[in-house]
Amino acid sequence: MSAGRIPKARALMTVALSMAFASHAAPGIDRDAWRGDLAVVKQTLQDDYAHLAWVASAQSGVDLPALERDAQQAITTASSDAQAEQALRTFLAGFHDGHLKLLDRQVAGTSSPAPAAVDPRTLDASTGCAALGVLDEGRHDYSVPLQALPGYHATAAGADPALRSGVIALADGHRLGLLRLHEFDALRYPGLCHRLWGQLRHADTVNDMRATLNDAWVAEIAATLRRFQQQGVDAVLVDVGTNPGGDDSGDTLARLFSGAPVQSAPLWVSQSAAGRDYLLEQYERIDDALRHHHPDATARPLLVQQRDRFAASLRATQAPPCDMAWVWQSPRDWQALPCRHLVAAGSSGGPLATPAVDAIPDFLIAHRLDWAQDLRRHWAAWQGPVYVLTDAKTASSAEMFAARLQDNRIARVVGSTTGGYGCGFMSPPPPRALPHSQLRMRIPNCVRLRADGSDEVAGISPDLPIDTRANESARARAQRMLDAVGVDLARH
């Protein structure tokens, strides 16, 4: 054998060994099946994902074609199912939408049987509140230690201990009223439930108990704002840092902070079955008001108008959708898109959340159109400068709150850009399982638009950005936030 043939033989042997090792290292990986899962993910996004047009636009900052190419390449080079699965998770994470998730598989036979129904009204306060669904998730304190700064005083000794509030004196003599909203859901304020248990347990139904608790939560917030007004503080700072969201109170509570009309965000849902349930629910509620509640001459035309609009949107969900395959090819201008695969669904505050509804005397009918109507006695509890404190963990309904106050020029936002969750689900659809991996997709079906026409999922940028500094204590960061508010307050 010549010397020149030995290296070639060794090279061939090395290739053979490498192939054998790769085969041994990745037993059973079926790349074609994983590519099939990726294809289903893409098609499902095209069919149902409400934020797809925004994410694919040039304004979003996301390079969707590059994300898709990277996912294909990662599956091609994956040496295990775990790596292929990670390729799918990384692909969806690249959309920067906190509501868009790849959930774990549903393991057969692991679902727990539904617990036996227990009437919370028969229980003591602690057990009854838990049975009612009131949870304590440990986010009561301010998101930064404002209470540790000089000049801070807690307010209202009789207030709900889960609803933090206080007054703090700034260096220039201004006084700020501080209000902590750790979640936009009355069921996350256990101290309030415990305090009201004697009243709650006499409600007729569990739904009535929850409604009473929600009314009391809003009243507590309004009472805190009125105390600030009476105490003559110069401005209110609402802390929604680390607030993960909740319900539609992210919109309706905005009315407590201003005497001027508050414009809700335009709401859109996916032009597919994913958005249909919400559209149908609103259509039926409005149609019921027209048929059975005898609306007066003020209410009837507004109801008819909104019923017709929801009927048109329902028809649109049945029409052939526009082709969204372009999203994997190149970004396009959001403002110039001829089709976004969305249909109109009223506003973030209800089908018609405008001052026109305020003239309707029948509360039930007015509430069908504008969900903030049941808060009317608390509107404008505070009238003065407002600041909203946000961070990267401010999400979903908390983003809606910050956006409504910022877009209506009620408040200035201080802190850092929010998490970018935006609108998630108006009617939560069941997750869709992928055919090969059986991983499940959770896909948002709604969009809230900002005053400038952008999608709220982009996150809420602060008017007064407070950057994160290396080795800075939380207390020092809190002080810098207050200093920025103080300077801004003096200027305005």
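## The link between H6 and H7

Cysteine 129 and cysteine 193 are joined in a disulfide, with their sulfur atoms 2.0 Å apart. The two partners come from distant parts of the chain: cysteine 129 sits in helix H6 (residues 125-132) and cysteine 193 in helix H7 (residues 190-195), 64 residues apart. Keep in mind that this is a predicted model.

The torsion about this S-S bond is about -100°, so the link of cysteine 129 and cysteine 193 is left-handed.

Next up are cysteine 322 and cysteine 339, whose sulfur atoms lie 1.8 Å apart in a disulfide. Both cysteines are found in the loop between helix H12 (299-318) and strand E7 (342-347), 17 residues apart. The S-S torsion here is -65°, and the link is left-handed.

How exposed are these two? Cysteine 322 has 24% relative accessibility, so it counts as partly exposed. Cysteine 339 is partly exposed too, at 22%.

Cysteine 423 pairs up with cysteine 446, at an S to S distance of 2.0 Å.

With a torsion of about -100° about the S-S bond, the disulfide of cysteine 423 and cysteine 446 is left-handed. Both of these cysteines are buried.

## The overall pattern

Searching the whole structure turns up three disulfides. Count the bonded cysteines along the chain and the pairing reads 1-2, 3-4, 5-6.

Notes
Residues numbered from 1 in each chain as written. Predicted model: local features only at pLDDT ≥ 70, side-chain atom pairs only at ≥ 80, totals over all residues. Heavy atoms only, no water. Disulfide = S-S within 2.5 Å. Helix = DSSP H or I, 4+ residues; strand = E, 2+ residues; numbered from the N terminus. Buried < 20%, exposed > 50% of the residue type's maximum accessible area, 1.4 Å probe, protein only.
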